[in-house]
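The sequence and structure are shown first.

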Amino acid sequence: SGAPSGQTKGVAYMRVCVVERDEAFNQILCQELANAGHRVATAYNANAGLHPLGTDVFDGLVLGISASHTSGNSITAWIRQVYPELKIIIVASVPELMQSSARERLSELGADALLLRPFDGAQLIETLQSAVAGMPDAG
């Protein structure tokens, strides 16, 4: 099973760093990306997640923000300054982040897309591929 090869809309494979503190959800995200043929590094907090960024080259960062840890704004701004080419996908369990003012703020700080949990693997892959391909976020 897994995604058929050649169906990544022109992106052969992506190198993705997943930073999500929920261990089970982190594993699901990594499995979805790996099943689609992408190379994945993982971390369970932002401090650990920033280490791979400095030692390897990534196409995308999937950054989880939970209700108890909403400092994604400052992390996103810092990552954008240091790694301007890196595509940042925010994965949120905070419905307030879907409000237009919050989405605008995250966009201003450098997030390329925002996904609200729950979502399926296909949404994650499509959002990441669209961001890496330079297409505007569809939703």
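Among contacts in the protein between residues at least 6 apart in sequence, what percentage join residues at least 24 apart? The share is 70%, where contact means heavy atoms within 4.5 Å.

## Basis of the values

This is a predicted model, in which local features need pLDDT of at least 70 and side-chain atom pairs count only at pLDDT 80 or more, while totals for chains, interfaces and linings use all residues. Residues are numbered from 1 along each chain as its sequence is written, and side-chain values use heavy atoms, with hydrogens and water left out.

## Overall fold

The protein has 5 helices and 5 strands. Along the sequence these follow the pattern β-α-β-α-β-α-β-α-β-α. Helices (H or I, at least four residues) and strands (E, at least two) are DSSP runs, numbered from the N terminus.

Of the 139 residues in the protein, 42% are buried. Buried means under 20% relative accessible area, exposed over 50%, and partly exposed in between (1.4 Å probe, protein chains only). The protein exposes about 7,400 Å², and carbon and sulfur atoms supply 50% of that area. Accessible areas come from the Shrake-Rupley method with a 1.4 Å probe; for residues, only the protein chains shown count as cover.

## Cysteines

The structure holds 0 disulfides, a disulfide being a pair of cysteine sulfur atoms within 2.5 Å.

## Helices α1 and α5

Helix α1 (residues 23–35) packs on α5 at an angle of about 65°, with the two axes 10 Å apart. Therefore α1 is roughly perpendicular to α5. Axes are lines fitted to C-alpha atoms, for helices over the stretch in contact, and angles run from 0 to 180 degrees between N-to-C directions. Angles under 35 degrees count as roughly parallel, over 145 as roughly antiparallel, 65 to 115 as roughly perpendicular and the rest as oblique.

The crossing of α1 past α5 is right-handed. A crossing is left-handed if the near helix is turned anticlockwise from the far one by less than a right angle, and right-handed if clockwise. On the α1 side the contact is made by Leu 29, Glu 32 and Leu 33, and on the α5 side by Gly 121, Leu 124, Ile 125 and Leu 128.

Ser 130 also lies in α5 (residues 121–132). At 13% relative accessibility, Ser 130 is buried. Its C-alpha atom is 9.8 Å from that of Lys 87, which is 43 residues away along the chain.

Val 91 belongs to strand β4 (residues 87–92) and is buried, with a relative accessible area of 0%. The C-alpha atoms of Val 91 and Gly 64 are 4.6 Å apart, although 27 residues separate them along the chain. Leaving aside neighbours within four places in sequence, Val 91 is in contact with Phe 25, Val 62, Leu 63, Gly 64, Ile 65, Leu 115, Arg 117 and Phe 119.

Leu 86 lies in the loop between α3 (72–82) and β4. Its relative accessibility is 5%, so Leu 86 counts as buried. Beyond neighbours within four places in sequence, the contacts of Leu 86 include Leu 53, Phe 58, Leu 61, Ile 79 and Asp 112. Leu 86 and Val 57 are 29 residues apart in sequence and 8.9 Å apart, C-alpha to C-alpha.
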